[in-house]
Amino acid sequence: AALRSRSREEMRSLIDKAPPVVIDLSLDDYMTQKEATSLWTQIRHAYGYLMRAKYPFQLWLTGLDELNGKIIHFTKKESGYDNWLLKKTTKSYEEVFDRKDIVYLTADSETILSTLDPKTIYVIGGIVDHNRHKSLCLNIANEKKVRTAQLPISQYLKGCTRNVITVNQVFHILLKYQELKDWGEAFMAVMPARKGYKLRESEPEPADRSTGSKKTKHNRSDTCKKRKQNRSDTCTTSEADINLKTQTLTS
């Protein structure tokens, strides 16, 4: 069925069977009220991408502080939030999922994500802090003995000086990779065209594990040309350009 023709119950069924992706909302205390407002906007965008995705994830919001949290304030004001097709809990992600199955996504990790493993739980750090708290999510993950990885942004894109992007961009990239199985195409479909991002002429060889170190490179131009013959929108930039000025850890 076409994406627009999916009923709510069809989407619910797809999401319930999908691999989980978590947004960690236990970082309220590290944000100002203005930053929390920006984060909630990003979460709303992420949910919108989820509902339009060809292959959705099961989205979890964990670590919600129902007493004094900043984000819980927005959930109470959001019309229809109680009917959103996602999971939400006050528990931390490592209480919900087996610690050995978790990979926390953070730009400060030394491990480069090479592919997505459907048995791995990927956690995105729910924080907007304008880079005040250096390596915060990495340090917290290390304390909890949780594996970490960063998206292979600079390995696939030129013009990328920072690997720190917004929560909704990280989630959107994961959705696009789930659909396209190609990091370069996923990045170009999501990253703002106005920023001048371009695909590198070569890309890392795919690794066998869900996380791994950098690999040797091979030329990707022939691959893109072949794919363009079969799908006109391959290796092009999509219209998805969220005008959010804040930066957030991909953690």
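**Exercise 1. Find which residues touch the most other members of the largest nonpolar core.**

*Solution.* Next, look at helix α2 (residues 33-52), which gives the most to the core, with eight residues.

A word on the model: it is predicted, so local features need pLDDT of at least 70 and side-chain atom pairs pLDDT 80 or more, while totals for chains, interfaces and linings use all residues. Residues are numbered from 1 along each chain as its sequence is written, and side-chain values use heavy atoms, leaving out hydrogens and water.

**Exercise 2. Decide whether L59 is buried or exposed, and list what it touches.**

*Solution.* Start in strand β2 (residues 58-62), where L59 lies. Its relative accessible area is 0%, so L59 is buried (under 20%; exposed is over 50%, partly exposed in between, with a 1.4 Å probe and protein chains only). Leaving aside residues up to four places away in sequence, L59 touches V21, I23, L50, L86, K87 and F171 (contact means heavy atoms within 4.5 Å).

**Exercise 3. Describe how α7 and α8 pack.**

*Solution.* First, take the angle: helix α7 (residues 167-180) and helix α8 (residues 183-190) pack at about 135°, with axes 8 Å apart. Then list the partners: Q169, H172, I173, L174, K176, Y177 and L180 in α7 meet W183, E185, A186, F187, A189 and V190 in α8.

Conventions. Axes are lines fitted to C-alpha atoms, for helices over the stretch in contact, and angles run from 0 to 180 degrees between N-to-C directions. Helices (H or I, at least four residues) and strands (E, at least two) are DSSP runs, numbered from the N terminus. A nonpolar core is a set of buried Ala, Val, Leu, Ile, Met, Phe, Trp, Tyr and Cys residues joined through side-chain atoms within 4.5 Å.
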